[in-house]
Amino acid sequence: MGMLMSELTVETAAAWLKDYSQVVAENSTMLTDLDRQIGDADHGSNMTRGMAAVAALDPATFADASSLLKKAGMTLVSTVGGASGPLYGTLFLRLGTFLAPGHEFDAAAFGAALKAGLEGIVARGKAERGDKTMVDALAPAVEACLAAAEKGAGLKEALDAASAAANEGRDATVEMIARRGRASYLGERSKGHQDPGATSLALLIESAARCLA
């Protein structure tokens, strides 16, 4: 059975990026409203612009999914304002590096790639779990995906578990006091508001669960 290796194809990666672009556009107003409460009121518009540029990339011009994901990361860095561009850019660059051609794409592989993305975001943004950022959605998603893979779960099951965990992490940010980013200036007043970055991240994992399995 080992010879029946399935790697992540350019077509599947492109379908994920296009789906997420559409989801971000559909939720742009909601993301901006969340950001208006504790940030710069531009997360929705920034992410919509960046993901539209990513969705416009032609999959036919990429040799493999890895190079497409890396280009998506660089595109986000150059088109998304504020902290979100470099952080999401780092995530996709790490995903592209870890989901290299010639390697099987399964629950363990995606979990490892997500973990690398999380480590990149933590290194760049200096945020930890509990700081009320995208990390609060991504970290539990990584844990759930890797835990499912360890139990022998298939990709779909692992991605569904990661998405559920990301949604729980997003919801948990409501009661947190922000310690990083613009929201941290509000101190105690940031409590009671859902973090926009954790929200857009949860949408990304939900999109992955829909498209990659």
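Predicted model: local features only at pLDDT ≥ 70, side-chain atom pairs only at ≥ 80, totals over all residues.

## A residue under cover

A residue is called buried when its relative accessible area is under 20%. Ser200 sits in helix α9, which runs over residues 196-211.

## What surrounds Ser200

Which side chain does the side chain of Ser200 join in a polar contact? The partner is His43, and the polar contact between the two side chains is 2.8 Å. A polar atom of the Ser200 side chain also lies 3.1 Å from the backbone oxygen of Gly197.

His43 turns up again in the list of contacts. If we leave aside neighbours within four places in sequence, Ser200 is in contact with Tyr20, Leu31, His43 and Tyr88. Of the helices that matter here, α1 covers residues 10-26, α3 covers 43-55 and α5 covers 84-98.

## The nonpolar core

The largest nonpolar core has 60 residues. Tyr88, a contact of Ser200, is among the residues with the most contacts inside this core, along with Trp16, Phe92, Leu95, Phe110, Leu138 and Leu201. Two or more residues of the core come from each of α1, α3, α4 (65-79), α5, α6 (107-125), α7 (135-150), α8 (155-172) and α9. Helix α7 gives the largest share, nine residues.

Not counting residues up to four places away in sequence, Phe92 touches Trp16, Leu17, Leu69, Lys70, Gly73, Leu76 and Leu204.

## The chain as a whole

How many helices and strands does the protein chain have? There are nine helices and zero strands, giving the pattern α-α-α-α-α-α-α-α-α along the sequence. The radius of gyration is 16 Å, close to the 17 Å that the globule rule gives for 213 residues, so the chain is as compact as a globular protein of that length. Its C-alpha trace spans about 55 × 35 × 30 Å along the principal axes.

Among contacts with a separation of 6 or more, 71% are between residues 24 or more positions apart.

Notes. Residues numbered from 1 in each chain as written. Heavy atoms only, no water. Helix = DSSP H or I, 4+ residues; strand = E, 2+ residues; numbered from the N terminus. Polar contact = N/O pair within 3.5 Å; in protein donor to acceptor, adjacent residues only side chain to side chain. Contact = heavy atoms within 4.5 Å. Core = buried A, V, L, I, M, F, W, Y, C linked by side-chain atoms within 4.5 Å. Buried < 20%, exposed > 50% of the residue type's maximum accessible area, 1.4 Å probe, protein only. Rg over C-alpha atoms; globule rule 2.2 N^0.38 Å.
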